[in-house]
Amino acid sequence: MNPSLRVVVSRRIFPDLIEALQRQFVVVANQDDHAWAPGELAAALRDADAALIAGGERVDEALLAQCPRLKVVANIAVGYNNIDLAACTRHGVLATNTPDVLNEATADHAWALLLAAARRVGESERWLRSGHWKRWTFEMFNGADVSGTTLGVLGMGRIGRAIARRAAGFSMRVIYHNRQRLPAAQEGGAQYVALDELFAQSDHLVLVVPYSQAVHHIVGAEQLARMKRSAVLVNIARGGVVDDAALVAALREGRIAAAGLDVYENEPALHPGFLELENVVLTPHIASSTRATRTAMATLASDNVRAALAGQVPPSLLNPEVLGNRRR
Ligand code: 8YV
C-alpha cells in the first residue's frame, strides 16, 4: 500500500472493489447511497490523487481548480459528458471512461425496454396487479409487432451495433444514422439513412447517441411528428437527447404508440407527465446494471487509476493530448 496516494470513490460500489483499491492506496469512499453534492465532492477531492466517479458527477474548471493533487478522473461510465475534457487537459489531469465492458448488458436493456413498450408489459401488469382481470378478451392489450419490422438506431457505435446484432433474431431490417456512414464491414448489414428518414421509416427507434450540445433535443416535437403513429421510441442514451416535454405531448396525444426510457432530462427528477401515461416504460438509468457489468466497469475504472498513478497510460484514456503535460 502506498500511504501517500489518496483515491476517492464518489459513490458506494461493491466492497470487494474498494478492498482491492485499499491494498494499494488510501481510499476515501462515499458510504451513502446518495451522490455527494458538488461542494462535498470538491471537499473530498481537495487532497486526492485520483477520483473514481459516476456519470452524474460534474468535473469542470471550478472543481479542478480546487484539486491541486488530482492526477486522474476515472468515470465509471462510458458516457463522459459530465467531464470537461479540455479543462482536465489544461490542468494536466487524465480523464478515463469504461467503454466496451457494458456493451452487451446495455444492449440487452434496450431490448427489454423495446419489447416491454411494444408489447405493453408494464401497462398490462399494472392492470392485472390492481385486480382488473376478470375475464379474457380478444382485444386485450393488443401491442405492436416487433418481429419482421424495421429497427432504427441513432448512434451506431459499439452499443448500437450490439443492439442491431440482436435484431437478426427478430428478422428485422435495420437502418441507422450517424454523423458519418460506417465502413461497410462495420455496418453488419444495416442500411445508412438520412436523419429524417430514420424518424420516418423506423417502426422501433433506439437512441444510443453520445450526448453533446450538438445532439441536444435531436428528438423534439418536429422529429416526433415525422415518426409513425405506431412507432416505439427507446432512449438509453442520455437525458437531453430527447425533449421530454415534447415526448410527453406526443405520447399523450397518441402521435407515437409508446416509449421505453432509461434516461431523462433532469434525472432523478422526471417530467411529471410521464408518470400519468400508460404507454411509457420507465427505468431509473440502469441499462448497464448487472452485477457482472457493474463489476467490470468499476474494475476498468480502477485499472485506469492504477495505470495513471504508476505513471503509465491508462487503458481507456480520453484525453491523450494531456500526456506531455500530465501532473506527477
Ligand atoms: C452508468 C451510463 O451506469 O456508462 C454510461 O454512460 O450511462 C451508465 O452505464 C451511469 O452513467 C452511472 O455512472
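**The ligand shell**

Tutor: Sorted by class, the residues around the ligand are six nonpolar, four polar and two charged. Keep in mind that this is a predicted model. The shell includes a run from Ile76 through Ala77 and Val78 to Gly79.

Gly55 uses its backbone, with a polar atom 2.8 Å from an oxygen of the ligand. On its own, the ligand has 330 Å² of accessible area, and the protein covers 85% of that.

Next, the wider setting. The chain is assigned two domains: domain 1 spans 2–101 + 290–325, and domain 2 spans 103–282. Eight residues of domain 1 and six residues of domain 2 make the contact between them. The domain centres, taken over C-alpha atoms, are 32 Å apart. Together the two domains bury about 590 Å², with 45% of this on carbon and sulfur atoms.

What links the domains? The count is one salt bridge. Arg158 pairs with Asp100 in a salt bridge, and their closest N and O atoms are 3.6 Å apart. On the side of domain 1 that touches domain 2, three residues are nonpolar, four are polar and one is charged. Two residue pairs are in polar contact across this interface.

Technical notes
Residues numbered from 1 in each chain as written. Predicted model: local features only at pLDDT ≥ 70, side-chain atom pairs only at ≥ 80, totals over all residues. Heavy atoms only, no water. Domains from an automatic or database assignment. Contact = heavy atoms within 4.5 Å. Buried area = accessible area lost by both parts, 1.4 Å probe. Salt bridge = Lys/Arg side-chain N within 4 Å of Asp/Glu carboxyl O. Polar contact = N/O pair within 3.5 Å; in protein donor to acceptor, adjacent residues only side chain to side chain. Nonpolar A, V, L, I, M, F, W, Y, C, P; charged D, E, K, R; others polar. Near = heavy atom within 4 Å. Areas by Shrake-Rupley, 256 points an atom, 1.4 Å probe, with all protein chains shown as cover.
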